[in-house]
Amino acid sequence: MDEVIRVENVSRIYSVGEQSVKALDDVSISVRKGEYVAIMGPSGSGKSTMMNILGCLDSPTCGAYYLEGTDVSQMDDDRLSDVRNRQIGFVFQAFNLLPRYTALENVALPLVYAGVEASRREELSREALVRVGLEDRMEHRPGELSGGQRQRVAVARAIINHPSIILADEPTGNLDTKTSVDIMRLLGQIHDMGNTVILVTHEEDISRYAHRIIRFRDGRVESDSVNPNPTIS
């Protein structure tokens with residue numbers, strides 16, 4: 001499989017008042033096309049900072065980040081925004097849906113930013129919502145949906161541009177056990193279709209769905225191992 005992500009000697013240092021905090025310390029990892037990876041670690045371990053860099057939401061203080069062979073570590077905000085919209089789909093713990101928009105309108109947002117014409121946006125958004133099992137909730141707003149349904153809308157939005165990489169940041173953090181299983185099954189189906197899936201979680205039972213688990217501690221990679229018996233989605 002081809003390498004889609006390569007992080008080389010990346011550090012991220014934040015200024016907090018007069019002090020400097022090193023959130024990542026000389027981290028090097030790579031992810032191949034079609035992998036299903038979980039990034040784990042306690043609070044303050046660096047896993048969320050790593051996710052932000054992988055998602056082009058933040059840039060490293062030093063080191064290089066190659067996304068599908070292109071060094072994006074020194075790109076400006078406009079170029080990073082373009083990369084995010086074309087190559088990465090995001091699923092967040094808090095869903096990040098616009099409350100005044102319907103499910104259909106929320107799913108279509110990445111297509112708006114990509115300049116897709118309105119009729120085509122609606123067609124693609126309907127297809128995405130059908131794929132996640134929400135064909136009967138397209139005109140509902142987030143406040144009219146359950147937590148699991150809102151996360152399904154978020155997943156539909158993440159896949160609408162057919163990105164090569166799905167980044168899921170604590171995607172089950174606000175969900176009950178049964179709904180969490182449903183969402184993890186859905187992410188598994190997306191992985192089975194060929195997407196690279198990177199999951200950030202602090203929950204051991206959720207990490208077991210991944211085929212590879214990278215554990216962070218104190219800003220460094222503590223371990224990187226294959227999961228011999230991933231939970232079947």
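User: What makes strand 3 and strand 8 a pair, and in which sense do they run?
Analyst: This is a predicted model, by the way. Two strands pair if there are at least two bridges between them, and strand 3 and strand 8 have four, in the parallel sense. One of those contacts to look up: Ala38 has Leu199 in strand 8 as its bridge partner.

User: Why is strand 8 described as mostly covered?
Analyst: Five of its five residues are buried. Both faces are covered: Thr196, Ile198 and Val200 are buried on one side, Val197 and Leu199 on the other. In a regular strand the side chains alternate between the two faces of the sheet.

User: Why does Val37 count as buried?
Analyst: The relative accessible area of Val37 is 1%, and buried means under 20%, so Val37 is buried. Val37 is found in strand 3. Not counting residues up to four places away in sequence, Val37 touches Val31, Val197, Ile198, Leu199, Ala210, Arg212 and Ile214.

User: Which residues touch the most other members of the largest nonpolar core?
Analyst: Tyr36, Leu129, Val153 and Ile166 do, out of 38 residues in that core. Helix 5 gives the most to this core, with six residues. There is also a second, separate core of 29 residues, which includes Ile5, Leu24, Leu80 and Val200. As for Ile166, its contacts beyond four places in sequence include Val91, Ile159, Leu187 and Ile198.

User: Why is the pair of Phe90 and Phe92 called stacked?
Analyst: The ring centres are 5.6 Å apart, and a pair needs them within 6.5 Å. The planes are 5° apart, and under 30 degrees counts as stacked. A search of the whole structure finds one aromatic pair.

User: Why is Phe90 called buried, but Phe92 partly exposed?
Analyst: Phe90 has 15% relative accessibility, under the 20% cut-off, so Phe90 is buried. Phe92 is at 23%, between 20% and 50%, so Phe92 counts as partly exposed.

User: How do you know that Arg6 lies over the face of Tyr66?
Analyst: The distance from Arg6 to the ring centre of Tyr66 is 4.5 Å, and the cut-off is within 6 Å. Arg6 is listed as lying over the face.

User: What makes helix 1 mostly covered?
Analyst: Six of the eight residues in helix 1 (residues 47-54) are buried. Those are Lys47, Thr49, Met50, Met51, Ile53 and Leu54. Just after helix 1, Cys56 takes a positive phi of about 60°.

Methods. Residues are numbered from 1 along each chain as its sequence is written. This is a predicted model: local features need pLDDT of at least 70, side-chain atom pairs count only at pLDDT 80 or more; totals for chains, interfaces and linings use all residues. Side-chain values use heavy atoms; hydrogens and water are left out. Buried means under 20% relative accessible area, exposed over 50%, partly exposed in between (1.4 Å probe, protein chains only). Helices (H or I, at least four residues) and strands (E, at least two) are DSSP runs, numbered from the N terminus. A nonpolar core is a set of buried Ala, Val, Leu, Ile, Met, Phe, Trp, Tyr and Cys residues joined through side-chain atoms within 4.5 Å. Contact means heavy atoms within 4.5 Å. Rings of Phe, Tyr and Trp (its six-membered ring) pair if their centres lie within 6.5 Å; planes under 30 degrees apart count as stacked, over 60 as edge-to-face and the rest as tilted. A charge sits over a ring if NZ of Lys or CZ of Arg is within 6 Å of the ring centre and within 35 degrees of the ring normal.
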